[in-house]
Amino acid sequence: MAGRFEGLSDLEWRLFEDILPPAPQKRSRGMPHAAFRTILNTLLYVLITGCRWCDVPRGPQWASKSATHRWLQRWQADGTLAAMQARILGLAEERGMIHWEYGAVDGAFSPWQGGWRGRRPRRERQRDFDPQPDGSLWDAIGQSHHACQRG
C-alpha cells in the first residue's frame, strides 16, 4: 500500500466543503444519500492507499464503494474534481511546496515505441515467423523457436 489514511480532519474538510455541489434533496424511498464528507473520505482512502474498490473500509466515517464511485463519476463530469485539484495545487504552490522546474516524465511503460515490454502489432509479429509445412516455427535466420528454447 502506498500510504495510510484515517479520514479528513475538520480543517481538511473545510478546504473542500464549499467546492462540492449542494447536497441532493432527501428521497422519499430507498437508502438516504451518503454525506459528502464520507464520500470524500472513501475516495481519498482509495487514492492514497492504492486499494481496490472492493477493499474500502466499512464504518461510520466511510461511504459504500458504489456511492463513492457514482459521486466520483459525477464530480469528474461536472468539474468538481478539477476545482478540488486546483485548490490543492494553488495552496501548495502558495506555500512553496511545489517546484515546477523539477518535473520529470517516465515513459518506461509507453507502448508506442514497441520496446521489449510492449506488444508489437499483429502484422509485425507474423512477419517474424514463417510457419513451416511440418508445423514448426522458424525465424528469419532459420532458427527454430520452441517453448524450451529462446531464439
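The protein chain contains 5 helices and 2 strands. Their order along the sequence is α-α-α-α-α-β-β, and the model from which they are assigned is a predicted one. Of the 151 residues in the protein chain, 21% are buried. Among contacts with a separation of 6 or more, 51% join residues 24 or more positions apart. The accessible area of the protein chain is about 12,300 Å², and 54% of this area is supplied by carbon and sulfur atoms.

Helix 2 covers residues 36–49, a run of 14 residues. The distance from its first C-alpha to its last is 20 Å, close to the 20 Å expected at 1.5 Å a residue. With buried taken as under 20% relative accessible area, 11 of the 14 residues of helix 2 are buried, and the helix is therefore largely enclosed by the rest of the structure. The buried positions begin with F36 and include the run T38, I39, L40, N41, T42, L43, L44, Y45 and V46. T49 is also buried. The cover over these buried residues includes helix 1 (10–17), helix 3 (65–78) and helix 4 (80–94). Just after helix 2, G50 adopts a positive phi of about 80°.

Helix 3, which contributes to the cover of helix 2, also has 14 residues. Its end C-alpha atoms lie 20 Å apart, which agrees with the 20 Å that 14 residues should span at 1.5 Å a residue. The buried residues in helix 3 are A67, T68, W71 and W75. Viewed down the helix axis, the buried residues of helix 3 fall within an arc of 95°, so they line one face of the helix. Q76 and A77, on the other side of helix 3, are exposed. The packing partners of the buried residues of helix 3 are helix 2 and helix 4. Helix 3 is followed by G79, which has a positive phi near 90°.

Taken together, the two descriptions concern contacts between neighbouring topics of this section. Helix 3 is part of what covers the buried residues of helix 2, and the buried residues of helix 3 in turn pack against helix 2. A glycine with positive phi comes just after helix 2, at G50, and another follows helix 3, at G79.

Definitions and conventions
Residues are numbered from 1 along each chain as its sequence is written. This is a predicted model: local features need pLDDT of at least 70, side-chain atom pairs count only at pLDDT 80 or more; totals for chains, interfaces and linings use all residues. Side-chain values use heavy atoms; hydrogens and water are left out. Helices (H or I, at least four residues) and strands (E, at least two) are DSSP runs, numbered from the N terminus. The expected span of a helix is 1.5 Å times one less than its number of residues. Buried means under 20% relative accessible area, exposed over 50%, partly exposed in between (1.4 Å probe, protein chains only). Contact means heavy atoms within 4.5 Å. Accessible areas come from the Shrake-Rupley method with a 1.4 Å probe; for residues, only the protein chains shown count as cover. The arc is that of the directions from the helix axis to the C-beta atoms.
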